[in-house]
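Please look at the sequence and the structure before reading on.

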Amino acid sequence: MRKVLVLNGPNLNLLGKREPEIYGRIDLIQIKADLEDISLNQVEIDLRQTNSEAELIEWIHEAFSQKLDVILNPAAFTHYSYALRDACSALSANGQKLIEVHISNPHAREEFRHTSVISAVASGVIAGFGAQSYALALKALIDN
Ligand code: DQA
């Protein structure tokens, strides 16, 4: 069965409880269940979250070596982690898909969020659709 890694960066373990007016009330467990529904159990959804930049980079390396496509919400690392960007760049250069997702629309928020160091090495970016951003990303992966 095809496997997709759905990787989540710092503070997203608090999803559902953290600033719900921005990030909504749906948590990662529900997001995983929604993705499994969409994939009709044809795709294994391996959803993970970490607050550690190093661990997130290790997971991208795992995707690289296992030739897996990735849906990535880099959270705050989006805006400044060149190390994460370089890992993502290796993945894209290897012909693998990496879709950057955001629950909120960072461009409609504080200025520091307007920069993504990841977008230029992503296959595509989906932002601003709440938890549905993940579902749209998975549909894009399945269709492409
Ligand atoms: C986020 C947006 C980031 O700016 C923020 O640091 C997050 C979540 C989003 O999903 O909207 O933690 O990636």
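The radius of gyration is taken over C-alpha atoms, and the globule rule used for comparison is 2.2 Å times the number of residues to the power 0.38. For 144 residues, a compact globule would have a radius of gyration near 15 Å; the protein chain has 14 Å, which agrees. The model is a predicted one.

**Overall dimensions**
- Taken along the principal axes, the C-alpha atoms of the protein chain fill a box of roughly 35 × 35 × 25 Å.
- The protein chain has an accessible surface of about 7100 Å², and carbon and sulfur atoms make up 50% of that surface.
- Of the 144 residues in the protein chain, 45% count as buried, where buried means under 20% relative accessible area.

**Fold**
- Five helices and five strands are found in the protein chain.
- Along the sequence, these elements follow the pattern β-α-α-β-α-β-α-β-β-α.
- Among contacts in the protein chain with a separation of 6 or more, 77% are between residues 24 or more positions apart.

**Largest pocket**
- The largest pocket holds about 170 Å³ of space.
- This pocket is lined by 16 residues, and the closest to its centre are Tyr23, Ala75, Ala76, Arg109 and Arg113.
- By residue type, the lining of the largest pocket divides into seven nonpolar, six polar and three charged residues.
- In this grouping, Tyr and Ala count as nonpolar and Arg as charged.

Note on methods:
Residues numbered from 1 in each chain as written. Predicted model: local features only at pLDDT ≥ 70, side-chain atom pairs only at ≥ 80, totals over all residues. Heavy atoms only, no water. 1 Å grid on protein atoms, 1.4 Å probe; cavity = no way out; pocket = protein on both sides within 12 Å on 5 of 7 lines; lining within 4 Å. Points joined across faces, edges and corners; volume = space filled by probe spheres on them. Helix = DSSP H or I, 4+ residues; strand = E, 2+ residues; numbered from the N terminus. Buried < 20%, exposed > 50% of the residue type's maximum accessible area, 1.4 Å probe, protein only. Contact = heavy atoms within 4.5 Å. Areas by Shrake-Rupley, 256 points an atom, 1.4 Å probe, with all protein chains shown as cover.
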